[in-house]
Every structure is written in C-alpha cells, then in structure tokens.
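Hello,

Here is the structure for you to look over. My notes follow below it.

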Amino acid sequence: MTSTPRIEIRRLFRRLPSGGRDLTILDGIDLSIAAGEFVAVLGPSGSGKSTLLALMAGLDRPTSGEILLDGRAIQALSEDSLARLRRAELGFVFQSFQLLGNLTARENVLLPLELLNSPEAGARADQLLAEVGLSDRGHHYPTQLSGGEQQRVALARAFATRPPILLADEPTGNLDGSTGRKILEILLDLRERHGTTMVLVTHDPAVAALADRRIHLRDGRIEREERSDRSETLAALAALSSAAPAEESAA
Amino acid sequence: MKPRTLLSWMLRESRGALGRFTFFVACLAVGVAAVVAIAGLAAGLDSGIRSEARQLLAADLAIESRRALPEGFDLLSLLPAGARTAAVREMVTVVAALPQNGKPGRSQLVEMKAVEPGYPFYGKLAVLPARPLAALLAPDAAVVAPELIGALGLRHSPHDRALDFRIGTADFHVAGLVSSEPDRVGIGTAFGPRVFLSMAGLERAGLIAKGSRVSYKTLIALPAGVSADRLEKIADQLRAALPANEAYRVETFRQAQPQLRESFAQVGRFLGLVALLSLFVGGIGVAQSVRAWLAGRLDAIAILKCLGLRPREVLALYLGQTALLGLIGSLIGILLGVAIQAAIPHLFGDLIPAALIRPWQPGVLLRGLGLGVGVALLFSLPPLAGLLRVPPSRVLRRDAEPLPVHRTTAGFAFLALAAGLLALTFAQTDSLLLSAQFVGALTLATAILAVAATLLAKSIGRLPRFSSIALRHGLGALARPGAATVGAIVALGLGVVTVLTMSLVERRISHELSRELPSNAPSAFLVDIQPAQWPGVRALLTRSRAEKIDSVPVVMARIASINGRPVDQIAGARRKRQDPNGRDDRNDRSEGREERGRRWALTREQRLTYLQKLPADNVVVAGKLWSDPDHGEVSLEKSFAEDLGVGLGSKLGFDVQGVPLELVVTSLRTVDWSTFGINFYLVVEPGILEQAPQQRVATARLAYGSEQHVQDLLAASYPNVTFLRIREILSKILGVLQRIGLGVRFLGGFTVLSGIAILAGAISAGSVRRGREVALLKTLGMTRRQVATAFAVEYALIGGVAGLLGAATGAALSWGVVTRGFELTWEPEPARLVLAIALTIVLSVIAGLAASLRALERRPIEVLRAE
C-alpha cells in the first residue's frame, strides 16, 4: 500500500506516575494501519491495549511519540480540536456500551449526528436502528433494553456519522457467547458496507481471527504481528455464523 | 452546536433527575420568596405613598415650621390667582372630662389638630356625621377619635346630650367622630387619640403661649391645571421669600413624603438584607445539589466528551441546565413571594394596610428572577469548574477520576462568586459599603462555621468507640470523608445564627425598655409649664406624694452663627456639597445619616437651659464649667458639638426669639441619657437668659398607679401643662421595635428552612449509598428500627453541631450588637441557647428521616441484586 496510512503510530510511550515511580504502560509502539484495514489488538490484562486505543482516539495524551490520523499528528492538538476530530472522524464501541441512561435508544443514536448539525439526523438514526434490528425499540431507555440490544444501539451510534475510523474496546466482553457473535456479525457487516478502518481490542482469539491483522501486546510492547489470509478469515466467519444461534435473551 | 440543539440536550439532561432537582429548586425558591416578599412590600409602600402623595399631604404644597409665618408675610401674593390656603396647627396636649362633684374629670393625652376651613384639600376625612369638617367645627365644638370618648369616660346623660369635655381653659362638645384622616401615616404610633378643633376653638382653649410646642403648617391648593414645573417654581419662590433659614420647610406633593418614604426604605433595606441572607444560604444548597448531581454524571460527561463535545460545550450544557433550574426555582419563589404578600394583610392587618400591597410589580418580580438565577449560577460555578477536568478516557477506564481543578480555575470561580455576591447585594441595597460589610460578615461567619464543622467531624473520628451500635454508626457517618455534612451544618448554622441573634438582641432591648424604671429615675415628664405656674404645679406634685421632683427652665432659640459665620451659609454649603442641583430631596441616599445629623443640629429649634451646677449624670470631659469671667458661656454635649463641628473656644451666635446673643463654648460634657433625667445639649451660664421668654419642664417619680390621678388633677388646674408618662412612651417604642423584630424573625425562619432543605438534599443525594448501607445492615441482622435509630443519631449529631455552632456564633454576635451597638450590658440566656440547639436537633432529625424514608424501606435483596 503506497497511500498515506489512515493511522500511523511512531515511537509511542505512555508512562504514569504510580507510587512514587513511573509505570510504563506503552513502551515504544510503532504501528501503521491502512485505510479500510481491520486490526485486532490482543494481549493479557495490563498489556496496554486500552491505553493504546485511548491514545488513538485522543482521549489520553502520550508521554512521547507521535500519533497521525490521515497524516495529521494529533498528540499536540488542543482539547477542542480533539473533540472536533472525534465527532467527525471516529466511532466508538465499548465493552460496557456507554449509552447515556437518560436518553432513549434513538436519542443516543441522534447524539453524534446532532453534534455535526447533520440535516437529516432523524431519518439517519431511524435507518441505523433498522439496520441493527431495533426499529421498534427506539423510544426505550437503555435500562429497558437487554445487554445485546444496548450494544446494538451503541453500534448504530458508532456508525451514525459514517466515521472513517472505528475503535472498538472488547465489544463482546460483557455479552454471552451467542449474543456476542450476533453483535460481531452486525459490526462486521456495517464495517464492510461503510468501508471503515477498524481497530478492535479483544482477548478472545476467535474474535481476533476475523481481523486482517492481529497485533499481540505484552508489557506495553508489540510482541508479534500476524496477518490473516483470505481463507483464514472466511473460515473464522463460517465458524462464527454456524455457531450463532438466532436469538438472544432479554434481561 | 446550535442553540436549539443545546436546549434540547439540556431538557434531556434533566430527565430522571427531578428528585435531585427538587432540593435545588426548593433551596432557591425559599430565598427568592423572601426577597420578593420584602422587595414587593417595600416597593408597594413606596409607590403607594407616591401615588397617594397629594392625599398624604392633603395639599399641593405645604409650608411647615415650628413657628407661625413671619409677621406681614403676604402668602397669597406669591400664589397664582385661585389658590386656596388653610392653616393647620398641631400639638400634643392633655384634655379632660368635666369635673363632677368637685372632683377633677378623667384626663387623656391627645394629638390635637386645629384646622381652617378647606382642610383637607385632597383625600378623604372619614367623619360621622358625614358633613364637612368646617361645618361641624363651631368655636365650641370638637371632632374626636372614638376612643377618646371611652378614655375620658364621656357618657350621654339626660341633662347633658352634648358630650362635653375640657381643652385648656374652655369647654367643648363632641360634634363628630373621626376614624381616619388622609395625612396621618407613619411607622411610629401616635401619642394619643386625635382631637380636631377650629382655629377659633384653639384660641378659646387658650393653649398657645409663647414657647408651646406647636407645629405650624400652611396647606396650599393650587387652581386646577397648574403644571408640575409651575408647582416647583412656586415652591422655589416661596423658599426664596421666606426667611433664609430652615425653620420653614416648603414641601410639594411631588416630593411624596421624603421622610416617611425614607424611614420605610430603611426598614425595607434592613429586612431586604435578612431576606438576601436566606437566598445566599439557599445558594449553598444549590452548590451542594449541583456537586451531587455532577458526581452522578461523570460517566455521561466522559461519553459526551468522547463523542466529540468540546469542554466549553460541556460547560455550556451544564451551566445552561443550572440557569434553567435557577429560572424554575426563581419562578416558584416569585409565586411564593407574591402569595406571602397577599397573605400579610390577613396575618398582620394593623401593620400594613391591604391597599398598599401591590404584589405584581414587574420591577420586583424581575429583581427576584435576577437574584435567583444569579445566585444559582454563581454558587454552581465552583462545582461546575470541575467539569472541565473530567477525563474522557473514563469511558475506557472507570477508575479515571476527575483531575483536581486547576488552582487558577478554582481561584477564578471563587473570585467570581465573591464578586457576584457583592454585585447582587449591591443590587439589593444600593450601597457599596453596606454590601461589602454584609458579604464580608457572611464570608467570615461561613468560614468560622465551616472550619469548626470540619474540625468537629475530624475529632469525632478520633473518639473512642461507643458500645451503642446506633451511636457508633451515627458518629462514624458524620466523620466519613465526603459525607457532605459540612455544607448542611454551615447552612443550618447560619440559619440558627440569624434567628438567634435577632431574637437575643430584640429580647435584650425589649427587656431594657419594658423593665421597671430604675428606682431613682423619674416616671413622668411635665412640659409647657409657665414659670408662674411652677410653684402651684410643684405643690400639686408634692401633695400627690411625688418624689424626686426636679425642674429647669427652657428657652427656645436657634443657632444663628458659628464663629461669626451665619448658619444658613454653613448649612447651604453643606447641602450644595451633597446635592449640586440644589433639590430638596431628603430621600437622596447619597446624603449620609451623619451629614443629615449635622444639618439637623445646625438648623433645628434648640432648647436651652441655664444652670449653676450640672446634674450628676453629666460629666465635663473638656474645658471647665463657667470659667470665663469675660464672656457669656455655654456648655455643649460632646457628640452634639461634633455634629456642629465646634470645640472649646468656638463662638456660637443664638437667635433667642428675635434677640441676638453670642456665647463661647468653654466646656464639653458627656450625658448618661438612660437615667431619664432632664438633660440638654446646650446649657448656658446663669445670669444671661433669666429674662428671656421661657417655660419650665419638670420630672417627677410617681407612685405606681397614681399617674392617671395626677394627670387628672393637673388637667383640671393647669390645662396647658402636658403630662407625659415615660412608661407609656417606652411601651410605644417597644411596640414598633417588636414589629420590626417579628419581621426579622419571620425572614430568619426562611434561612432555617433553607438549611433544612439543604440537609434533606444532602441526605437524599446519598440515598443510593444509604440504600446499600441499609441493605447491608439489614442483611447483617439489624432491624429497621435499629437502622432508623442509627440514622436518627447521625442527623441529631448534624443538628446538634449546627445548633451548637450557630448558638455560639449567634451569642457572640448578639453580644457585639448589644454591647457595642446599643451600649447595654449583655446577659447570657442559656435557656434560649439550649432551646435553639434542641429545636435544630429535632428539625434535622425529622427532615433527615423524612429524606431517608425510601432508603429505609428498601429490602436488602433489591439492593444486593442490583450490585
């Protein structure tokens, strides 16, 4: 690939003061992710996965190093510029869904669209809710939805503004196996259709197998990288869909 | 972000937080209600007086003085054709029923008013029978207030249908009853019932002797169609034509009773500050509600930031939310304030007439709204400043706590709070000095309470463990870090301080005024005694077994010059300095009380006496009494000399009823006024004033219960002598004081209410934690009663600490006010203090348990399942 990488990370360090000394969370990461690529980040707890994701999103600031999105360094941007960047360029999916409890499902999806003053926000939100199979539940509050349904709302919200980059932090981590598989299916489908670059943090190898590339982190460093070929991905997909039962249970 | 989007987000943000916002709104509404009620009453009175100004003056303009218009003064030549005038004379005197069987009739102090036909030019005089006053007032007739009939014991009898009584040396019959007159208003109470006479009647009564205390008024009605400018011009012409001193005061109805309005405004300003205090205390509750609310919104804020909301947009969102809530709270407060105003005539009918209540005044309502929203925003600033530092990475790591607020941000927030409070107080008082004092004192009291509460909470944590589980748990809860009890204690404490201080001060002063007079003090004043009457009056007093009879001559005079400079010039210069336009507006607040005191000292009619030896309650503090053989000497009371701006060696020129006299100040004295002895600002060396026209005043101590009899005897033999009972005068002052005190305590109650709302809010904010606590305690085997007891102990402790701190601060404050402000001795009132503490405990236990009901009701399994 010769064009500018969508995400490029150079010599990235993140240290946190802890008990009087510095704790190194990320220890010199170099990483380049092409447009449209799907990268899974794997690693045990404390390996620095979530911190890496937070840094890519401009939610946290590195101790040193560079993060470039479409060639533009973001580590030195102001809070305001970062906020604007996130609203236009990034979509998020979290392990704990992170829906706003005082907003209905539809309002949660509307939120990023309203931030961009999107002219047809309502229609777009309804369309996305339909795409995740929740057209009839838009007026429900998060507490009235099951975990799987909440995550589907979160997916609809993440894709609402058609962001070029999607960052997903253990999106199936809080869900049971079958519900998780269903969510992954929707996620992959949406990504496919939008051509979104995706970075997904997980510790589930089965989930990671779906990615174009797998980055293994350990102690803040990239331990190894693996590329899936086409056949591997298809096999993983097949395994996923054959194992997926049709329904999930509402809590 | 578009404003519409922001608004819809704000509305969404409010969902599900109604319970929490109830306390926000309640804290604000209580304070706004107090402010609006007081401002509304004050403005209602003021606009009432303005709109009724012509009726209150009963004329278009009036000339008032302590003496008749100058000989040969041609008033009508200065007025446009068609103008009418009516003279009015007012004096306080004693009238009596006719003697029966040789015994003197019952007597009564009255406020007498002799009027010429035409009075009143404006306004309605309520008289029975309903005929013009002039038609009723034959030279031998009087129109009186109905209560005089009872006071004198007048009765219709078969032979005597006319209800006769005696004024001065003549008999009058009651020709009618008067129940209200347009030009009689004021905060103070009257000396006695009204008696109207005609001028001829006043002449018949023979009461006007040189030196009698009569106030002269000439009412003027201009022909219809005279413009306001013309009115002012005529007034200026009159001022120019009258002798150039302040013995004559020309007032137009357009000035609308400046003194009356000023005295109402002063009371209004004072009560307004007390009301503002409850609003500020409510602000503490607002800050606390916002803090608790934001603590529960940290995740949502992190999500919003993650989705791309800029920090300043987050701030705008929550600031807008606060403003919206402030608006709601203020609107509710305004409605409450209006309701209070509407209720006041029903509660205190004799205090403010219903006609002067105007609850819907846009200016007042807007001020309530502005103050309410302002307080909401100002007090939310410090907690909202923390929003800027909520890390968005909290969406990934729940443990990412908000970073500490930048020191500059925090400093700026508190500075903004202080400046804002000052601005709000200034809006309420119009006086920068007063605002600074008020905000300074409030800050100091808050700081003392906060430090004391924090120290107490800390030291409680170090107490040895109690065996009672309820006590142990309650104490532990109080000492828990972040228990939000300090705010509640401060707020509640401030409420206690307000109510207690006012009640202690008022009780102390009431006590001082209502207690038995000191055993050596006189119980009656006798004024307007002609010198020739004195031996007879003294004999009468002696026969009535009066003790401590004392009498001195009084000569009326005016100060004409100081060190050769005419006093008119000095007073004029002082007034010009105050008011470059030369307007005669006494309501002008730029003229300080001090300056007015000085001008009054310069221009008023002075009472002089002459004595060889000073009474015992006088102490010469500078110079020496009667030490200069070459000049006529005068001794001045020290603070009076300061008001005049003179000292030892100054030359004072006097106008003694037309005769010039120059005296040198050779001594300054202090006077202990609380002995009720006869005392004078100006005492002249003997040998100078003996031949001047004069009267005597006397004091005497009469046996308890004999005053009425002595007054009856005096009225029969010396009808021109006015007999004043000190006890009665004091009780009238007491009445006024108690009314103001009632208002203050009523408003102070709002402060306590705010404190209670804050306590309930703090408790309810912790209800989730509390619910978990209850579940856990119940799981461990505690009964609901035991849990409730543990909570009650906690709330009782909060109330106890707040009550204790409030009582201590209140006692200290009342000590300061009583000993410094009123120069009385302070008496500790332990029973009051204990009562205040006990009431605070009871209130806070009730409020606390009420706010914890939901937590107490929860079953353990509900809570544990939700974990």
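Ile215(A) has Glu225(A) in S10(A) as its bridge partner. Strand S9 (residues 213–218) of chain A pairs with S10(A) in the antiparallel sense, over 6 bridges. Strands pair if DSSP finds at least two bridges between them. Helices (H or I, at least four residues) and strands (E, at least two) are DSSP runs, numbered from the N terminus.

This is a predicted model: local features need pLDDT of at least 70, side-chain atom pairs count only at pLDDT 80 or more, and totals for chains, interfaces and linings use all residues. Residues are numbered from 1 along each chain as its sequence is written, while chains are lettered from A and ligands numbered from 1 in the order in which they are written.

In chain A, 6 strands make an open, mixed sheet in the order S6-S7-S8-S3-S9-S10. Strand S6 (90–93) and strand S10 (221–227) of chain A are at the edges with a single partner strand each, so one side of each has no neighbour in the sheet.

Now chain B. The axes of helix H8 (residues 258–295) and helix H11 (residues 362–385) of chain B come within 8 Å and cross at roughly 45 degrees. Axes are lines fitted to C-alpha atoms, for helices over the stretch in contact, and angles run from 0 to 180 degrees between N-to-C directions.

Finally, the chains meet: 21 residues of chain B are in contact with 24 residues of chain A (C-beta atoms, placed from the backbone, within 7 Å). H9(B) gives the most to chain B's side, with 4 residues.

Best wishes

Methods
Contact = placed C-beta atoms within 7 Å.
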